[in-house]
Amino acid sequence: MDQLLLKMMEYDSQDAKRIQHFIKVHEFARLIGKIERLDEGTQMI
């Protein structure tokens, strides 16, 4: 996941708002999955 985040940041390096949005959405999804106690495979999807 870290590699995906880094590649996305590289791809959108000229657009800080897109990077911030991606990171915010990813973190909300990660947190919801953690609260829902998703298994690792489902969380990755």
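The model is predicted. The chain has three helices and zero strands. Its C-alpha atoms fill a box of roughly 35 × 15 × 10 Å along the principal axes.

**Overall fold**
- Along the sequence, the pattern reads α-α-α.
- Helix α1 spans residues 2–11, and helix α2 spans residues 16–35.
- Helix α3 covers residues 40–44.

**Packing of α1 against α2**
- Two packed helices are described by the angle between their axes and the distance between the axes.
- For α1 and α2, the angle is about 160°. Their axes lie 9 Å apart.
- Angles over 145 degrees count as roughly antiparallel, and α1 and α2 are therefore roughly antiparallel to each other.
- The crossing of α1 past α2 is right-handed.
- On the α1 side, L5, M8 and M9 make the contact. On the α2 side, I19, F22 and I23 make the contact.
- By class, the residues of this contact are six nonpolar, no polar and no charged.

**The largest pocket**
- The largest pocket holds about 210 Å³ of space.
- Its lining is made up of M1, H26, A29, R30, Q43, M44 and I45.
- Helices α2 and α3 each supply at least two residues of this lining.
- The most comes from α2, with three residues.
- The lining divides into four nonpolar, two polar and one charged residues.

**Points to keep in view**
- Helix α2 takes part in both features: α2 packs with α1, and α2 also gives the most to the lining of the largest pocket.
- The α1–α2 contact has no charged residues, whereas the pocket lining has one.
- The α1–α2 contact also has no polar residues, whereas the pocket lining has two.

Terms used. Residues numbered from 1 in each chain as written. Predicted model: local features only at pLDDT ≥ 70, side-chain atom pairs only at ≥ 80, totals over all residues. Heavy atoms only, no water. Axes fitted to C-alpha atoms, helices over the stretch in contact; angles between N-to-C directions. Helix = DSSP H or I, 4+ residues; strand = E, 2+ residues; numbered from the N terminus. Parallel < 35°, antiparallel > 145°, perpendicular 65-115°, else oblique. Left-handed = near helix turned anticlockwise from the far one by under 90°. Contact = heavy atoms within 4.5 Å. Nonpolar A, V, L, I, M, F, W, Y, C, P; charged D, E, K, R; others polar. 1 Å grid on protein atoms, 1.4 Å probe; cavity = no way out; pocket = protein on both sides within 12 Å on 5 of 7 lines; lining within 4 Å. Points joined across faces, edges and corners; volume = space filled by probe spheres on them.
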